[in-house]
Amino acid sequence: MKNIILLGAPGAGKGTQAALIHEEFDIPHISTGDILRRNIKEGTPLGVKAKSFIDAGELVPDEVVIGLVEQRLQEEDCKNGYILDGFPRTIPQAESLDKVARIDIALNIDVPFDVIMERMSGRRMCACGETYHVSTLGGATTCKKCGGELYIREDDKPETVANRLKVYEAQTQPLIDYYRKQGKLKDVNAVGAIDEIFENVKKALQ
Ligand code: AP5
C-alpha cells in the first residue's frame, strides 16, 4: 500500500475519509490533531504546550509536531503504508517529512467554503474518538459506539473557526502547489455523501 497525505481545509472531511481508508486498506491513520488532543486530555507536557495554540486556532510549533510524526513513522505498523491526516501543515513540515519518508500521493480533499462551515458547525465528538455530524444523529446526544456524551470541540466555536481558516490559507494551502510540483497531488471532489466521496478517494488512490 501507499504512503498517503490528506490535505484539505479544517472541517473538509479528512478525518472521516482517513478512517475509511484505514478500514479498507488496513494501514494506520495518523492524525496529528487526534494525537495532540489525546495529550491534552491526559495532561502530558506535550498536551500542556499544545493546548493554548489549538484553542486559539493557531498551529502548534513545527518542531513539536515534526518530532512527534517522525517518531510515529518509525513504528512497525507503518512499514506497509500509512495515512497522514493533518500533517504536514506548513512548508517546513513538508520539507522535514521529505527527509525521512517517501510520500507516494497527496490527496487534496476539496470542498467549497460554505460546505466547510456547515460541516464544522455541525460536528459532534465523543471522547472515544468517534466523530459525528448533527445531520445524521437524529437528535441523539450520545455516541453510537460507546454511549459517551457527545460534545463540541473547543476549536469548532465560531470565533476560532474563522482563525483556523485564515491560518489554513496562509500556511497550509501552499502545500497544494508543493505536492503538485512533485507530481504527487490528486484533487478529490469532496462534496456529497461520505460514501460517494470515498469512491472518489479510491479512484484517486488507484
Ligand atoms: P486537526 O484535528 O487536524 O483539525 P483540522 O485539520 O482543522 O481538521 P478537522 O479535524 O477540523 O476536520 P477534518 O477535515 O478531519 O473533518 P472531519 O472528517 O472531522 O487539528 C486541530 C488543531 O491541532 C489545529 O488547528 C492545530 O492547532 C493543531 N495541529 C494539528 N496538526 C498540526 C500540525 N501538523 N502542525 C501544527 N499544528 C497542528 O469532518 C468534519 C465534520 O463534517 C464532521 O462532523 C463529519 O462527520 C462531517 N462530514 C465529513 N464528511 C461529510 C460529508 N461528506 N457529508 C456530511 N458531513 C460530513
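Reply: For the classes used below, Ala, Val, Leu, Ile, Met, Phe, Trp, Tyr, Cys and Pro count as nonpolar, Asp, Glu, Lys and Arg as charged, and the others, Gly among them, as polar. By that scheme, the shell around the ligand is made up of 13 nonpolar, eleven polar and nine charged residues. The model is predicted.

The ligand is surrounded by 33 residues. Closest to the ligand are Thr 16, Glu 58, Arg 89, Arg 123 and Arg 164. At Glu 58, a polar backbone atom lies 2.6 Å from an oxygen atom of the ligand. At Arg 123, the side chain is involved: one of its N or O atoms is 2.6 Å from a ligand oxygen. Val 60 contributes through its backbone, where a polar atom sits 3.0 Å from a nitrogen atom of the ligand. On its own the ligand has 1,000 Å² of accessible area, and the protein covers 93% of this.

Several elements give two or more residues to the shell, namely α1 (14-25), α2 (32-42), β6 (131-133) and α9 (194-205). The largest share, four residues, is that of α2.

Two of these elements are also tied to each other. Lys 202 and Glu 24 form a salt bridge through their side chains, at 4.0 Å from N to O. Lys 202 belongs to helix α9 and Glu 24 to helix α1, so the pair links distant parts of the chain, 178 residues apart. In total, the structure holds 16 salt bridges.

Two backbone features may also be worth checking on the display. Most residues other than glycine have a negative phi, and most peptide bonds are trans. Asp 26 is not a glycine, yet has a positive phi of about 55°; this residue is in the loop between α1 and β2 (29-31). The peptide bond that joins Phe 87 and Pro 88 is cis, with omega about -5°. Pro 88 is located in the loop between β3 (82-85) and α5 (91-100).

Finally, there is the second largest pocket, with about 190 Å³ of space. Its lining has 14 residues, and Ala 9, Val 111, Ile 116, Tyr 168 and Gln 173 are the closest to its centre. Two or more lining residues come from each of β4 (105-110), α6 (113-121) and α7 (158-172). By class, the lining of this pocket has nine nonpolar, three polar and two charged residues.

Definitions and conventions. Residues numbered from 1 in each chain as written. Predicted model: local features only at pLDDT ≥ 70, side-chain atom pairs only at ≥ 80, totals over all residues. Heavy atoms only, no water. Near = heavy atom within 4 Å. Polar contact = N/O pair within 3.5 Å; in protein donor to acceptor, adjacent residues only side chain to side chain. Areas by Shrake-Rupley, 256 points an atom, 1.4 Å probe, with all protein chains shown as cover. 1 Å grid on protein atoms, 1.4 Å probe; cavity = no way out; pocket = protein on both sides within 12 Å on 5 of 7 lines; lining within 4 Å. Points joined across faces, edges and corners; volume = space filled by probe spheres on them.
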